[in-house]
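Student: I would like to learn how to read some features of a protein model. Could we go through them one at a time?

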Amino acid sequence: MILSTKGIIINKINYSESSIIVRIFTQQLGLQSYIVNGVRKSKSKTKAAIFQPLTIVDMVVYHKENSNLHHLKEIKISFPYNTLHSDIRKSCVVMFLSEMIYKSIREQEKNNELFEYIYNSLTTFDSNDELIPIFHIFFLSRLSRFLGFYPKLNHTQITPFFNPIDGLYQSNKTSNMFDKDQSVLFYHLFEETEMKLIHFSRIERMQILERIVYFYGIHLHSCKDLHSLDIYKEIFE
């Protein structure tokens, strides 16, 4: 069937000499893979630049049930970014988030709330001229709710240690738990608004980023061995 939908480019890989396979999180169909023939040819009507990570597109697709690979009929940019692909720091954040989303989302069915969350987060991030240094960490904290492992925020003086396996705070620390300082930062990340988290220092941001990536890796084994995290650290350290 032929279907129109918005989509968010997640990643792409080269296929044959001139084609690509692109993974797109669509509003109507969830995460899907599309083959785009001839896009790497110089005379292609569809430019390869449209497939940059997290680009928001309007699509008309040929969708075949029970198929793992589909074809595009039409595709165009739906929301032209002003800063995400031109600011090197934001581009680095986009690269990191696209890998995290790729490794996190697997559902091949409609999830409009998740799509709207990602869409609204990206457009808001783009609309701010200045880099919001906590954006990607805050984004991942809220994304965990959609993925089913949002933590229990029961941090108190009696339960000061966060257990990332069980997703809650406990009184006694074991080897896998966060220390007290990390546990407090983690609690504030999930409890506070984004604007209140801007006061995190660069060192605190790096610590909490590593902790939330570790948290994701425990609940989603696919989120280990992130290539983009090393690039992120090179840019921001």
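Student: Which residues is Ile77 in contact with, leaving aside its neighbours within four places in sequence?

Tutor: This is a predicted model, and in it Ile77 is in contact with Ile50, Thr55, Ile56 and Val57. Ile77 belongs to strand β5.

Student: Is Ile77 buried, exposed or partly exposed?

Tutor: Buried means under 20% relative accessible area and exposed means over 50%. Ile77 has a relative accessible area of 42%, so it is partly exposed.

Student: What does Ile56 touch, not counting residues up to four places away in sequence?

Tutor: Ile56 touches Gly7, Ile8, Lys76, Ile77, Ser78, Phe79, Tyr81, Tyr119 and Thr123. Ile56 sits in strand β4. Its relative accessible area is 0%, so it is buried. Ile8 is 48 residues from Ile56 along the chain, yet their C-alpha atoms are separated by 4.6 Å.

Student: How do I read helix packing, and at what angle do α1 and α3 pack?

Tutor: Start with the angle between the axes, where values under 35 degrees count as roughly parallel. α1 and α3 pack at about 15°, with axes 11 Å apart. α1 is therefore roughly parallel to α3. The crossing of these two helices is right-handed.

Student: Which residues make that contact?

Tutor: From α1 the contact uses Val93, Phe96, Leu97, Met100, Ile101 and Ser104, and from α3 it uses Phe135, His136, Phe139, Leu140 and Leu147. Sorted by class, the contact of α1 with α3 has nine nonpolar residues, two polar ones and no charged ones.

Student: At what angle do the axes of α3 and α5 cross?

Tutor: The axes of α3 (residues 135–147) and α5 (residues 202–219) cross at roughly 20° and come within 10 Å. The two helices are therefore roughly parallel to each other. Here α3 passes α5 in a left-handed crossing.

Student: Which residues of α3 and α5 meet?

Tutor: On the α3 side they are His136, Ile137, Leu140, Ser141, Leu143, Ser144 and Leu147. On the α5 side they are Arg205, Ile208, Leu209, Ile212 and Tyr216. The residues of this contact divide into eight nonpolar, three polar and one charged.

Student: Where is Asn66 placed?

Tutor: Asn66 is in the loop between β4 (56–62) and β5 (70–77). Its relative accessibility is 82%, so Asn66 counts as exposed.

Student: Let us finish with a side chain. Which backbone nitrogen does the side chain of Asp87 reach?

Tutor: A polar contact pairs N or O atoms within 3.5 Å. The side chain of Asp87 reaches the backbone nitrogen of Arg89 at 2.9 Å. Asp87 lies in the loop between β5 and α1 (88–104).

Student: Is Asp87 buried or exposed?

Tutor: Asp87 counts as buried, because its relative accessibility is 17%.

How values were computed
Residues are numbered from 1 along each chain as its sequence is written. This is a predicted model: local features need pLDDT of at least 70, side-chain atom pairs count only at pLDDT 80 or more; totals for chains, interfaces and linings use all residues. Side-chain values use heavy atoms; hydrogens and water are left out. Helices (H or I, at least four residues) and strands (E, at least two) are DSSP runs, numbered from the N terminus. Buried means under 20% relative accessible area, exposed over 50%, partly exposed in between (1.4 Å probe, protein chains only). A polar contact is a pair of N or O atoms within 3.5 Å; within protein, one must be able to donate a hydrogen and the other to accept it, and residues adjacent in sequence count only if both atoms are side-chain atoms. Axes are lines fitted to C-alpha atoms, for helices over the stretch in contact, and angles run from 0 to 180 degrees between N-to-C directions. Angles under 35 degrees count as roughly parallel, over 145 as roughly antiparallel, 65 to 115 as roughly perpendicular and the rest as oblique. A crossing is left-handed if the near helix is turned anticlockwise from the far one by less than a right angle, and right-handed if clockwise. Contact means heavy atoms within 4.5 Å. Ala, Val, Leu, Ile, Met, Phe, Trp, Tyr, Cys and Pro count as nonpolar, Asp, Glu, Lys and Arg as charged, and the others, Gly among them, as polar.
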